[in-house]
Amino acid sequence: MSAFDLNGKTVLVTGASSGIGKQTAITASKQGARLVITGRNAERLEETFKSLHGEGHLQLLADLTIQADIDRMVAQLPILNGLVHSTGISDMTPASYITSETIARTFRISFDAIVLLTAGILSRKKLAKNDSSIVFISSISTTYPFIGGSMYVSAKAAIEGYARVLAKELVQRGTRVNCIAPALVRTPMMDETAVNYSQEVVDQIEKLQPLGLGDPEDVANTIVYFLSDASKWVTGGHLILGGG
Ligand SMILES: NC(=O)c1ccc[n+]([C@@H]2O[C@H](COP(=O)([O-])OP(=O)(O)OC[C@H]3O[C@@H](n4cnc5c(N)ncnc54)[C@H](OP(=O)(O)O)[C@@H]3O)[C@@H](O)[C@H]2O)c1
């Protein structure tokens, strides 16, 4: 059995109806994990569900900005060995146009929901002690910011800080906490962000990644490493997936 094997592990992936979360669920199932997948869009979540390898998986629809949905979902969860937070929305509001609604819209899903779901899972004792793993997805933009990204980058920076504290709080119970920070990855979110730029700017951004744009598989494979016993000595980490 390889150290990257996920047999016997149950993993919750949020944002599993699209992009990185969808691919992470599929790749983790190929490695033998039992998956619990969640998202808002029933049709696309079902599509992910049908693509999973193996048996015994579970899909739960939830809008994670609604506390009642978080509570209902946590109550339905089996004991988890892994938790991957892959929800998020893009935001391109220039600083002078930001209102309290802009802040709330981004932070509610990219920060509050993640923190509250984690709190619910921990307080309801749904995360196994010893050898469990939590993975957060931040962004390379906290190191290399982009114009218009003040809310997106701020929410990601907040998650990075939260993840570092959580790693310290959970290390004694045997839970590892790591954060990955990808550059541009080909997903619906990237397409949504790219429409705000001219083709010339898109080409310039691509050139900043000499190894090219990332594919969801590139991120999913890294997440599998953090979920697996191959990373059993790694916590509090922050790994940039930058394409160079
Ligand atoms: N793509 C990139 O270039 C890139 C780079 C760095 C970091 N990231 C980060 O990677 C993560 C995944 O991004 P992605 O590119 O895979 O994005 P994506 O394809 O747009 O997927 C986003 C996921 O978040 C879910 N979501 C959004 N709002 C939700 C809510 N209120 N409740 C529950 N789920 C909700 C969506 O579910 P529904 O569709 O079902 O609503 C969807 O499954 C995000 O945190 C993103 O910031 C992405």
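The legends below describe a predicted model, in which local features need pLDDT of at least 70 and side-chain atom pairs count only at pLDDT 80 or more, while totals for chains, interfaces and linings use all residues. Residues are numbered from 1 along each chain as its sequence is written.

**Figure 1. The shell around the ligand.** The ligand is surrounded by 27 residues, of which Gly 15, Gly 19, Gly 88, Thr 187 and Met 189 are the closest. Helix 1 (19-30) and helix 6 (188-194) are the elements that give two or more residues to this shell. Helices (H or I, at least four residues) and strands (E, at least two) are DSSP runs, numbered from the N terminus. By class, the shell holds eleven nonpolar, 13 polar and three charged residues. In this scheme Ala, Val, Leu, Ile, Met, Phe, Trp, Tyr, Cys and Pro are nonpolar, Asp, Glu, Lys and Arg are charged, and the others, Gly among them, are polar.

**Figure 2. Helix 1 and its surroundings.** The twelve residues of helix 1 reach 17 Å from the first C-alpha to the last, close to the 16 Å expected at 1.5 Å a residue. The expected span is 1.5 Å times one less than the number of residues in the helix. Because eleven of its twelve residues are buried, helix 1 is largely enclosed by the rest of the structure. A residue is buried if 20 or more other C-beta atoms lie within 10 Å of its own, exposed if 12 or fewer, and partly exposed in between, with C-beta atoms placed from the backbone. The buried residues include Gly 19, Ile 20, Gly 21, Lys 22 and Gln 23. Gly 32, which follows helix 1, has a positive phi near 105°.

**Figure 3. Ala 220 in helix 8.** Ala 220 is found in helix 8 (residues 216-227) and counts as buried, with 25 C-beta neighbours inside 10 Å. Leaving aside residues up to four places away in sequence, Ala 220 touches Ile 20, Gln 23, Thr 24 and Thr 27. Two residues are in contact if their C-beta atoms, placed from the backbone, lie within 7 Å. Ala 220 and Glu 55 are 165 residues apart in sequence, and their C-alpha atoms are 20 Å apart.

**Figure 4. The packing of helix 3 and helix 4.** Helix 3 (residues 67-76) and helix 4 pack at an angle of about 35°, and their axes are 10 Å apart. The axes are lines fitted to C-alpha atoms, for helices over the stretch in contact, and angles run from 0 to 180 degrees between N-to-C directions. Gln 67, Ile 70, Asp 71 and Val 74 of helix 3 meet Leu 116, Leu 117, Gly 120 and Ile 121 of helix 4. By class, this contact comprises five nonpolar, two polar and one charged residues.

**Figure 5. Helix 5 and its cover.** Helix 5 (residues 150-170) has 21 residues that should span 30 Å at 1.5 Å a residue, and its end C-alpha atoms are 30 Å apart, which agrees. Among the buried residues of helix 5 are Met 151, Tyr 152, Val 153, Ile 159, Leu 166 and Leu 170. Their cover includes helix 4 (100-123), strand 5 (132-137) and strand 6 (175-182). Ala 157 also lies in helix 5, but counts as partly exposed, with 17 C-beta neighbours inside 10 Å.

**Figure 6. The loop between helix 4 and strand 5.** Most residues other than glycine have a negative phi. Lys 125, in the loop between helix 4 and strand 5, has a positive phi near 55°. Lys 125 is exposed, with 9 other C-beta atoms within 10 Å. Asp 131 lies in the loop between helix 4 and strand 5 and has a positive phi near 55°. With 14 C-beta neighbours inside 10 Å, Asp 131 counts as partly exposed.

Figure 7. Ala 3 is found in the segment before strand 1 (10-13) and is exposed, with 10 other C-beta atoms within 10 Å. Not counting residues up to four places away in sequence, Ala 3 touches Ser 228, Asp 229 and Ala 230. Ala 3 and Lys 232 are 229 residues apart in sequence, with their C-alpha atoms 9.4 Å apart in space. Ser 96 lies in the loop between strand 4 (82-85) and helix 4 and is exposed, with 5 other C-beta atoms within 10 Å.

Notes
Near = placed C-beta within 6 Å.
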